[in-house]
Structure formats: C-alpha cells, structure tokens
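Have the sequence and the 3D view ready.

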Amino acid sequence: MFQNDYLMRMILQMVMVMQRALQETQRNPGKTAQEIEAAIGDAVDIDAGLFFSLEPESMVSMLQLGNFDERLGGYVLRSIYYEAELLEEAGHIQRADLRRAQADAVAKAYGYDIAPDERSPEAMRTYFLEAEAQARAERDGAAG
C-alpha cells in the first residue's frame, strides 16, 4: 500500500511537471529542461546531476542497481525525450543528443517502444493528460 501510494505520488509529480512544460507559452527551454531533470531525478530516486551525467549504458546500470519502478518507465522516458527537444531548442545540441541516447538505452533495457510520433508535443500532451486521469482514479480507488 505504501509503495503504491509513493508510486502514485511520483507519477502525479511527473505528470504535473510535464503538463506545465507542455503548456508553457512563454518558454524558457533551458529552465524547463532543468525542472524536468529534477522531476526525473526525484522519480528514479537518483541525484539528477549525477544521473544525467552518465553515459547511456551507465544510466541503465544505475537504474538496475537502484529502486527504479518499471511502472514509471513510460513517464520517465517521454520526459527525457521531451527534455532533449528543449535542450536542442536552447542550442545545447550535444546534451540533447546525449539525452536521446540515454532514453534509447533505457527503453531498450526495459523493453519500451516509444515511436518518434509518440514524442511529439501533441502526443505527449495527450499521454500525460490520460496518465493524470488514470493515476488520480487509481489513487482515489485505493483511498475509497
């Protein structure tokens, strides 16, 4: 029960950060990327600075050694892919390429297949809106 509550809280936190990022009209891509990184670090329970400094294979190893709950995978991966877009928009091309490589390595290691069309801002908005509704329903169902 406690683990499920924690997981729901992490999912909702990720969803809320991503919804804010996707809805920004006056965008500061660098700042938004930092906020997404912090939320991912919280979700995977690893310092974001350390986590995102790792090579892709090392990132996977760190997740496998830690407390990573695979049910967070889709949220985390989409967030990393979106962060890559923000970094590219901010002119940080090498970091954007690293994020994509990190996300690809995690996706491969955990068997996720997030197609390029599922990474578009529109697809992400839909995904995170549906995720919020599902997480709230699960949370409310467990509480009731």
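This is a predicted model: local features need pLDDT of at least 70, side-chain atom pairs count only at pLDDT 80 or more; totals for chains, interfaces and linings use all residues.

## Helix α6 itself

Start with the helix at residues 93–110, which is α6. Just past α6 comes Gly 111, with a positive phi of about 75°.

Which residues of α6 are buried? They are Ala 96, Arg 99, Arg 100, Gln 102, Ala 103, Ala 105, Val 106, Ala 107 and Tyr 110. The cover over them includes α2 (29–44), α3 (48–51), α4 and α5 (73–89).

## Where α4 meets α6

Now bring in α4, residues 56–65. The axes of α4 and α6 come within 8 Å and cross at roughly 45°. That makes α4 oblique to α6, and the crossing is right-handed.

On the α4 side, the contact is made by Pro 56, Met 59, Val 60, Leu 63 and Gln 64. They meet Leu 98, Ala 101, Gln 102, Ala 105, Val 106, Ala 109 and Tyr 110 of α6. Sorted by class, this contact has 10 nonpolar residues, 2 polar ones and no charged ones.

## A closer look at Arg 95

Arg 95 also sits in α6. Its relative accessibility is 35%, so Arg 95 counts as partly exposed.

Leaving aside residues up to four places away in sequence, Arg 95 touches Glu 37 and Leu 87. Arg 95 and Ala 84 are 11 residues apart in sequence, with 7.4 Å between their C-alpha atoms.

Methods
Residues are numbered from 1 along each chain as its sequence is written. Side-chain values use heavy atoms; hydrogens and water are left out. Axes are lines fitted to C-alpha atoms, for helices over the stretch in contact, and angles run from 0 to 180 degrees between N-to-C directions. Helices (H or I, at least four residues) and strands (E, at least two) are DSSP runs, numbered from the N terminus. Angles under 35 degrees count as roughly parallel, over 145 as roughly antiparallel, 65 to 115 as roughly perpendicular and the rest as oblique. A crossing is left-handed if the near helix is turned anticlockwise from the far one by less than a right angle, and right-handed if clockwise. Contact means heavy atoms within 4.5 Å. Ala, Val, Leu, Ile, Met, Phe, Trp, Tyr, Cys and Pro count as nonpolar, Asp, Glu, Lys and Arg as charged, and the others, Gly among them, as polar. Buried means under 20% relative accessible area, exposed over 50%, partly exposed in between (1.4 Å probe, protein chains only).
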